[in-house]
Amino acid sequence: MMMDDFNADNTKIDAALKANADTAAANTQTLATQAQTIAKLGNCQVVAGSYTGDGTCGADHAITLNFSHKPMLVFVQAKERNAHYRMMLLRDSLWAFPYAADKYNETNVTWGATSVSWYSTYSKDGQANNQLEYQYVALLAVE
């Protein structure tokens, strides 16, 4: 009789261990699937920074921002409250038209794998390179 009780208890323990192992395997598969889904969602990075203009313009004085990944969109704006200097750079566009002191200026743009450069032949304002602090926010593609 004691041996029957012992065998019955071991059968119950074996069944419980198998059920736990099956649940753990199912949870592991679920976590792996969720990790793959989450990895596909994290395909961009936002980076912010600043630079101070040196008051020059032209191709020999281009502004270059370097990033850890491919920049797709970059916003630049003067930090000073009364300064009206701002521009948007959109990936693969070769021109930007920054708003500077109530007028628009044509600016040449060059894109690198992990950088963007620009210059204006018209003015330091149009190049966002006046002697002011400029802030930028960039959206980077993380692949």
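## A buried tyrosine and its ring partners

Tyr51 counts as buried, at 13% relative accessibility. Buried means under 20% relative accessible area, exposed means over 50%, and partly exposed lies in between (1.4 Å probe, protein chains only). The model is predicted: local features need pLDDT of at least 70, side-chain atom pairs count only at pLDDT 80 or more, and totals for chains, interfaces and linings use all residues. Residues are numbered from 1 along each chain as its sequence is written, and side-chain values use heavy atoms, with hydrogens and water left out.

The search for aromatic pairs gives 3. Rings of Phe, Tyr and Trp (its six-membered ring) pair if their centres lie within 6.5 Å; planes under 30 degrees apart count as stacked, over 60 as edge-to-face and the rest as tilted. Tyr51 and Tyr134 have ring centres 5.1 Å apart and planes at 15 degrees, so they are stacked. Tyr51 sits in strand 1 (residues 44-52) and Tyr134 in strand 10, so the pair ties together parts 83 residues apart in sequence. Tyr134 is buried, with a relative accessible area of 0%. Ring pairs link Tyr51, Tyr134 and Trp118 into a cluster.

## Chain and confidence

The chain has 1 helix and 10 strands. Helices (H or I, at least four residues) and strands (E, at least two) are DSSP runs, numbered from the N terminus. The order from the N terminus is α-β-β-β-β-β-β-β-β-β-β. Of the 143 residues, 30% count as buried.

Mean pLDDT for the chain is 84, and 89% of the residues score at least 70. pLDDT is the predictor's confidence in each residue, from 0 to 100. Among the elements, strand 2 has the highest mean (97) and strand 7 (residues 103-104) the lowest (62).

Four strands form an open, antiparallel sheet in the order 2-9-8-5. Strand 2 (63-66) and strand 5 (95-96) stand at the edges with a single partner strand each, so one side of each has no neighbour in the sheet. Two strands pair if DSSP finds at least two bridges between them. Strand 5 pairs with strand 8 (residues 107-111) over 2 bridges, in the antiparallel sense. Ala96 has Thr107 of strand 8 as its bridge partner.

## Salt bridges

The whole structure holds 2 salt bridges. Each needs a side-chain nitrogen of Lys or Arg within 4 Å of a carboxyl oxygen of Asp or Glu. One joins the side chains of Lys79 and Glu133, at 3.8 Å from N to O. Lys79 lies in the loop between strand 3 (70-78) and strand 4 (85-90), and Glu133 lies in strand 10 (residues 133-141), so this pair ties together parts 54 residues apart in sequence. Lys79 is partly exposed at 47%, and Glu133 is partly exposed at 32%.

Arg91 forms a salt bridge with Asp92, with the closest N and O atoms 3.5 Å apart. Arg91 counts as buried, at 15% relative accessibility. Asp92 is exposed, at 58%.

## A buried loop residue

Asn130 is in the loop between strand 9 (115-119) and strand 10. Asn130 is buried, with a relative accessible area of 14%. Leaving out residues up to four places away in sequence, Asn130 touches Gly53, Asp54, Gly55, Tyr85, Lys124 and Asp125. Contact means heavy atoms within 4.5 Å.
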